[in-house]
Amino acid sequence: MIDIEPRNSAPPPSAASSPRPRRPRRTWSESARTTAAGYAFLTPWLVGFFGVTVLPMLASLALSFTNYSGSFQTMRWVGLDNYRLMFTVDPAYWGSVKVTFLYVGISVPVMLAFALTVATLLNKGIGALGLYRTIFYVPSLLGGSVAIAVLWRFVWGEAGLINAVLSVVGIDGRSWIGHPDTALITIMVLNVWTFGAPMIIFLAGLRQVPADLYEAAALDGASRFRSFRHITLPSISPIVLFNGVLAVIGGFQAFTQVYVISGGSGGPAGSTLFYTLLLYQRAFTESRFGYASAMAWVLLVVIALATAAVFASGRYWVFYGDGES
């Protein structure tokens with residue numbers, strides 16, 4: 001018998017002598033590079049957000065439990081004393097709460113209704129629409145300025161423009177800003193006058209309502225009021241919610257107008273003592289920064305609750321394109 005041996009009779013190489021496989025070079029994927037680039041561009045905003053917003057908020061929360069008055073050497077922990085004094089001792093606190101809620105509860109709905117009315121009129125297809133939008137938007141840009149607040153004092157003063165117009169028809173006016181019964185109303189009128197921003201948003205929403213809905217309603221004999229109630233309002237209800245939330249938050253934070261008009265005192269007789277103005281007085285006039293920090297956090301909670309209440313009510317009257325509310 002012929003013994004045929006294989007050609008490659010050498011023993012297989014041992015595992016120790018086999019070359020090690022090269023590890024693949026680690027490279028960033030396209031998504032990782034995109035993510036890194038995004039965070040790099042976000043770095044300035046993140047630094048500002050945490051350095052200017054988050055950290056000061058946490059610092060104010062800590063100060064709200066102290067008697068901090070501008071000096072860390074005399075600062076000591078007082079627990080909930082600031083909140084107790086706020087709710088039970090401070091004689092001006094509840095008055096400022098009442099004034100602020102009156103301002104938000106009256107001026108915000110009136111301002112939104114006025115903005116929607118003007119937007120509806122502009123949506124009728126009048127000429128020079130861009131010019132009217134610009135004219136009506138300007139008060140929103142200027143309404144919060146110091147110059148307009150100073151001008152408002154002259155308009156509603158005893159020798160102001162309002163009394164000059166009333167004198168033409170034989171009516172003797174008074175200092176509307178200097179009387180407790182009318183001072184807050186003048187500030188409400190100023191807030192209503194700054195209707196431009198929500199008006200622009202309302203107008204954009206009205207122009208998106210399909211025209212065939214109105215045509216179908218007209219064929220069914222619906223009046224303009226019924227068309228507005230059953231077509232226009234449900235169609236723009238998300239925009240009403242959006243403008244309402246912004247207006248409520250802005251109303252609780254109102255400060256510049258009332259500070260200038262009242263001279264920083266909240267007078268006459270506390271009729272314009274807004275919550276933010278009292279907070280300013282406690283912090284920068286009386287140097288009670290710990291107490292003012294507690295007031296600021298209560299205001300934050302109130303704004304959050306008011307915003308949540310507006311959103312919660314939206315389930316009953318806000319309608320979206322998919323038919324869900």
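The legends below accompany close-up views of a predicted model.

In this predicted model, local features are reported only at pLDDT of at least 70 and side-chain atom pairs only at pLDDT 80 or more, whereas totals for chains, interfaces and linings use all residues. Residues are numbered from 1 along each chain as its sequence is written, and side-chain values rest on heavy atoms, with hydrogens and water left out.

**View 1. The overall fold contains 14 helices and zero strands.**
Helices (H or I, at least four residues) and strands (E, at least two) are taken as DSSP runs and numbered from the N terminus. Of the 325 residues in the protein, 34% are buried, where buried means under 20% relative accessible area, exposed means over 50%, and partly exposed lies in between, with a 1.4 Å probe and protein chains only. Among contacts (heavy atoms within 4.5 Å) with a separation of 6 or more, 66% join residues 24 or more positions apart. The protein exposes about 20,600 Å², of which carbon and sulfur atoms supply 66%; such areas come from the Shrake-Rupley method with a 1.4 Å probe, and for residues only the protein chains shown count as cover.

**View 2. The largest nonpolar core has 59 residues.**
A nonpolar core is a set of buried Ala, Val, Leu, Ile, Met, Phe, Trp, Tyr and Cys residues joined through side-chain atoms within 4.5 Å. The residues with the most contacts inside this core are Met 86, Tyr 93, Tyr 103, Phe 274, Tyr 275 and Met 295, and helix 3 (residues 93–122) gives the most to it, with 13 residues. Leaving aside neighbours within four places in sequence, Phe 274 is in contact with Ser 96, Val 99, Thr 100, Tyr 103, Leu 184, Ile 187, Ala 254 and Val 258.

**View 3. Asn 191 is a buried residue of helix 7 (residues 183–193).**
The relative accessible area of Asn 191 is 12%. Once its neighbours within four places in sequence are set aside, Asn 191 is in contact with Tyr 103, Ser 107, Val 108 and Met 111.

**View 4. Helix 5 (residues 146–155) has buried residues on one side.**
The buried residues of helix 5 are Ile 148, Ala 149, Trp 152 and Val 155. They lie on the same side of helix 5 because they cover an arc of only 115° around the axis, the arc being that of the directions from the helix axis to the C-beta atoms. These buried residues pack against helix 4 (129–142), helix 6 (161–168), helix 7 and helix 12 (256–261), whereas the face turned away from the buried side carries the exposed residues Ala 147 and Phe 154.

A salt bridge is a side-chain nitrogen of Lys or Arg within 4 Å of a carboxyl oxygen of Asp or Glu, and a search of the whole structure finds five of them. Glu 30 is exposed, at 52% relative accessible area, whereas Arg 33 is partly exposed, at 41%.

**View 5. A salt bridge between Asp 90 and Arg 282 links distant parts of the chain.**
The side chains of Asp 90 and Arg 282 meet at 2.9 Å, N to O. Asp 90 lies in the loop between helix 2 and helix 3, and Arg 282 lies in helix 13 (residues 275–285), 192 residues apart. Both Asp 90 and Arg 282 are buried, and salt bridges that share partners join Asp 90, Arg 282, Glu 286 and Arg 288 into one network.

Ala 269 lies in the loop between helix 12 and helix 13; its phi is near 55°, a positive value in a residue other than glycine, and Ala 269 is exposed, at 76% relative accessibility. Ser 287, found in the loop between helix 13 and helix 14 (289–317), has a positive phi of about 55° although it is not a glycine, and Ser 287 is partly exposed, with a relative accessible area of 30%.
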